[in-house]
Amino acid sequence: MEPRVSDRLRMILKAPYVGVGATEESLRALMAELGYRLPEDYVDFMRVTNGYNGEVGVRGFVCLWPVEEVVPTNQANHFREWIPGYVLFGSNESGDFYAFDMRKEKPKVVAIPSIVELEYAVEVGDSFVDFLERLAETP
């Protein structure tokens with residue numbers, strides 16, 4: 001992860017990073033299982049943290065699942081069948097989900113309500129880092 005990106009994230013992510021980063025093997029296995037090349041800024045973040053659970057900025061909160069939980073969570077809840085082309089990677093304290101819209105050439109981050117209806121999905125970032133920065137600024 002670029003030092004300037006890492007520095008920005010350390011300023012907005014209020015909880016300490018826990019554990020060790022995801023291994024290259026686990027990241028490759030995740031992408032192979034999903035059948036998608038995940039956004040590089042997300043992959044870089046997971047190499048350092050392998051998940052995050054805590055405050056973002058002053059009012060935001062996010063739970064970013066460890067790479068080992070992404071596929072099982074998507075499978076257990078049948079998300080891949082219900083919302084093809086999306087990869088859920090986290091949630092908020094309200095039970096809503098965050099996902100990459102992999103149908104785009106450059107995947108965007110969307111928030112999907114817990115009722116899992118795509119008509120209510122809202123774009124919340126042009127990239128993974130942009131998503132976290134926007135979440136930190138949310139009033």
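**Figure 1. Six helices and six strands make up the elements of the chain.** The model shown is predicted. Read from the N terminus, the elements follow the order α-α-α-β-β-α-α-β-β-β-β-α. The chain has 139 residues, and 50% of them count as buried. Its accessible surface comes to about 7,400 Å², with 52% of this area belonging to carbon and sulfur atoms. Of the contacts between residues at least 6 apart in sequence, 49% join residues at least 24 apart.

Figure 2. Among the elements, the highest mean pLDDT, 97, belongs to helix α2 (residues 24-34). The lowest mean, 72, belongs to helix α1 (residues 3-12).

**Figure 3. Helix α2 and its buried residues.** The buried residues of α2 are Ser-26, Leu-27, Leu-30, Met-31 and Leu-34. Seen down the helix axis, these residues fall within an arc of 130°, so they line one face of α2. Glu-25, Arg-28 and Ala-32 lie on the other side of α2 and are exposed.

**Figure 4. What covers the buried residues of α2.** Three helices are included in the cover: α3 (40-49), α4 (67-76) and α5 (79-82). Strand β3 (86-91) is also part of what covers these residues. Just after α2 comes Gly-35, which takes a positive phi of about 80°.

**Figure 5. The hairpin of strands β4 and β5.** Strand β4 spans residues 97-101, and β5 spans residues 108-112. Six residues lie between the two strands of the hairpin. The strands pair in the antiparallel sense, over five bridges. In one part of this pairing, Phe-100 has Val-109 in β5 as its bridge partner.

**Figure 6. Strand β5 and its pairing with β6.** Besides pairing with β4, β5 pairs with strand β6 (residues 122-125). This second pairing is again in the antiparallel sense, over three bridges. Here Ala-111 stands opposite Val-122 in β6. Is β5 largely enclosed by the rest of the structure, or largely open? Four of its five residues are buried, so β5 is largely enclosed. In a regular strand, side chains alternate between the two faces of the sheet.

Key: Residues numbered from 1 in each chain as written. Predicted model: local features only at pLDDT ≥ 70, side-chain atom pairs only at ≥ 80, totals over all residues. Heavy atoms only, no water. Buried < 20%, exposed > 50% of the residue type's maximum accessible area, 1.4 Å probe, protein only. Pairing = 2+ DSSP bridges. pLDDT = per-residue confidence, 0-100. Contact = heavy atoms within 4.5 Å. Areas by Shrake-Rupley, 256 points an atom, 1.4 Å probe, with all protein chains shown as cover. Arc of directions from axis to C-beta.
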